[in-house]
Structure formats: C-alpha cells, structure tokens
Amino acid sequence: MTHHASRPLAVAIMGPTASGKTAAALAIAERIDCEIISVDSALVYRGMDIGTAKPTRAEQAAVPHHLIDIIDPLDTYSVAQFREATLRLVADITARGKLPLLVGGTMLYFKGLTDGLDDLPGADPALRAELEDEAARHGWPALHARLRTLDPTTAARLAPNDAQRIQRALEICTLAGRPMSELLAQREKTELPFELLSFALEPSDRAVLHERIARRFDLMLKEGEDGSLLTEVEMLRRRGDLHPALPSMRCVGYRQAWEYLDGYIDFATLRETGIVATRQLAKRQLTWLRAMPQRVVLDCLAPHPAAAMLARIEAGRG
C-alpha cells in the first residue's frame with residue numbers, strides 16, 4: 001500500500017467530541033483492511049469506559065484497536081510516549097499490508113506527531129510545588145491571567161482551569177526565559193516516515209453538535225447494562241489510591257462525577273456542568289483544528305462523511 005511509490009499512507013480522522021469519529025472509522029474499516037490507532041488521552045486509561053465513550057467490546061473486536069486500555073488511571077501518559085508508540089504502530093500496520101487509521105480528538109497528540117517534539121526544559125519539582133502553592137491560594141484562573149501576559153498565544157488555547165497545562169507553560173516560561181509558543185514555533189518541522197491524509201469532522205451548525213453532546217452525556221448518566229458514569233467513578237473511588245487532581249480524574253465528566261459523589265454538587269448541577277465542560281472541550285478542539293491547514297474538512301452532521309473519506313483514500317492509494 002505505497003503512496004506515491006515512496007511513503008506508505010496513513011489516515012487521520014480528527015474532530016471534536018461527539019462528531020462521529022468512531023462511526024466513520026468503523027465504516028471505513030468495513031471497506032478497507034485497517035487497524036485503528038486511538039489518538040485520545042482519555043482512552044489510554046483502563047477502567048474508564050463510559051465517561052470516555054470508549055469503543056465498545058464489539059467495535060474493538062471488529063477492527064484491531066491500539067493505544068486503548070494501556071495504563072492505569074494512577075499513571076500519566078505523555079505526548080512523547082504517544083508519538084513513539086504511534087510511529088512504531090504505523091510501521092507495523094503498513095508492514096502487514098493494512099491501512100493505519102489514527103482516530104481521536106486529542107489535538108496535542110496529533111500536533112506532537114506531525115510537528116515532532118521540542119527541546120523544552122524538563123520538569124522542575126520545586127518550581128511546580130511553588131506554582132501549585134500559588135494556585136491553592138489564588139486559583140488557577142489567576143495563574144492563567146499571568147500566563148496571558150507572558151505567553152498570550154499559549155494562554156489563548158488553554159482553559160482558565162487547565163491546571164496541568166497552565167503549570168507546564170508557566171514552568172517553561174520561567175525556566176527558558178521565553179514563551180512556550182515561541183520555543184514550539186522554532187523547532188524544525190519533522191518529516192513523518194509516512195504520508196498522512198487528515199480528515200476533520202467539523203459541524204456546519206455548532207448548536208446541533210451541542211445537542212449531540214447533551215444527549216450523549218445524558219446517556220452516560222443513565223444506568224445501562226455496563227452501569228453508568230456514576231457507578232464507574234464510584235468503583236474508581238473505591239480503590240482508595242485515586243484522587244481528583246490526577247490527570248485521569250480531571251477528564252471531562254469524571255471531575256464533575258467526583259464532585260457529585262463528594263456531595264459538593266447535586267445531580268442537576270452535575271449534569272449541567274458536565275455538559276458545559278464537554279461543550280468547552282469541543283470548542284477548544286475546533287480551535288486547534290482551525291490551526292491545522294493540511295486537513296480536509298467534512299461536515300460531521302452530513303449523512304455519510306465516511307463515504308467522502310473513502311473516495312479520497314482510494315484516490316490516495318491509487
């Protein structure tokens with residue numbers, strides 16, 4: 001399956017949450033022999049299935065899936081780990097004569113893969129502790145405001161409560177003496193060992209996507225045969241070693257469910273804040289997508305976006 005007789009072809013299906021990425025990937029896999037590489041920072045965690053909208057057991061059995069259920073919620077997974085694993089997987093999948101489908105909504109992973117990783121300063125535990133201290137006193141939005149003066153480009157794409165990324169961006173500004181966005185812009189563009197055809201499922205009407213998000217969140221809250229988001233978070237809490245500050249428990253939906261189970265918010269607030277947080281996530285994902293000029297934009301609300309993808313893929317493989 002060579003592309004331009006030199007580099008093999010891989011296909012990316014990107015898009016905001018609830019845009020139908022999994023369905024499109026499975027439709028393509030019915031026509032082309034594929035393997036799916038998940039590009040999702042929440043799907044890496046074991047035991048987090050409902051709130052992450054993880055592909056079902058049947059879906060995972062229909063097509064080989066990679067980078068799902070690979071780490072414990074207590075652990076962290078970096079862009080560097082994702083990039084290394086994906087480069088290896090794409091090589092393996094193409095060697096098997098199949099098409100690699102990179103499917104997900106973690107734009108930072110897509111960016112790390114296509115742009116390569118930077119030589120940013122490493123973590124500084126003392127500085128991190130200092131920033132956490134300050135956040136405990138003044139709140140993360142105050143640190144986000146400081147980041148806005150130091151590095152407006154980075155601040156613009158982070159939510160005011162995105163503790164992990166605000167902390168990292170401030171750490172880099174302090175250690176490097178320069179904005180993170182500047183350091184990222186300077187790095188050399190890395191050429192991938194494969195051709196990447198990138199599709200972006202984007203809504204022609206944001207309000208319809210918002211309705212989809214609300215419907216899907218309501219389904220997660222409803223008790224199904226595998227339980228609900230709340231029973232899932234209850235089980236995770238019962239382990240006794242997880243806490244709300246972990247990256248896994250800060251995933252959208254999980255943070256709100258944890259607050260509800262702690263008795264801080266009622267059910268109506270859990271539903272409302274969960275839906276709002278998911279919509280905000282979708283908005284950030286769309287902002288990232290707009291900055292990716294190489295993407296082929298398809299309306300995720302159109303009846304069969306996968307058909308348009310298949311036509312482009314077949315042309316690319318010709």
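Colleague: Is alanine 18 buried or exposed?

Modeller: Please note that this is a predicted model, in which local features need pLDDT of at least 70 and side-chain atom pairs count only at pLDDT 80 or more, while totals for chains, interfaces and linings use all residues. Residues are numbered from 1 along each chain as its sequence is written, and side-chain values use heavy atoms, with hydrogens and water left out. Buried means under 20% relative accessible area, exposed over 50% and partly exposed in between, with a 1.4 Å probe and protein chains only. Because alanine 18 has 10% relative accessibility, the term that applies is buried.

Colleague: Which residues does alanine 18 touch, not counting residues up to four places away in sequence?

Modeller: Alanine 18 is found in the loop between E2 and helix H1 (21-31); helices (H or I, at least four residues) and strands (E, at least two) are DSSP runs, numbered from the N terminus. Contact means heavy atoms within 4.5 Å. On that criterion, the partners of alanine 18 are Leu209, Arg212, Ile213 and Arg216.

Colleague: How far is the backbone oxygen of proline 16 from a polar atom of the side chain of serine 19?

Modeller: Proline 16 lies in the loop between E2 and H1, and serine 19 is placed in the loop between E2 and H1 as well. Proline 16 is buried at a relative accessible area of 0%, and serine 19 is buried at 2%. The distance from the backbone oxygen of proline 16 to the serine 19 side-chain polar atom is 2.7 Å.

Colleague: Which UniProt annotation covers Gly15, Pro16, Thr17, Ala18, Ser19, Gly20, Lys21 and Thr22?

Modeller: UniProt positions are given in the numbering used here, feature names are shortened, and annotations may be inferred rather than shown by experiment. The UniProt entry is unreviewed, and its annotation for these residues reads "binding site".

Colleague: What is the distance of the polar contact between the side chains of lysine 54 and aspartate 69?

Modeller: Lysine 54 lies in the loop between strand E3 (34-38) and helix H2 (57-62), and is buried at 9% relative accessibility. A polar contact is a pair of N or O atoms within 3.5 Å; within protein, one must be able to donate a hydrogen and the other to accept it, and residues adjacent in sequence count only if both atoms are side-chain atoms. The side chains of lysine 54 and aspartate 69 make such a contact at 2.5 Å.

Colleague: Which three residues supply 62% of the area that domain 1 buries against domain 2?

Modeller: Domain bounds come from an automatic or database domain assignment, which gives domain 1 (9-116 + 191-316) and domain 2 (125-186). Buried area is the accessible area (1.4 Å probe) that two parts lose on being put together, summed over both. The two domains bury about 540 Å² between them, 55% of it on carbon and sulfur atoms. The three residues in question are Arg250, Arg284 and Trp288.
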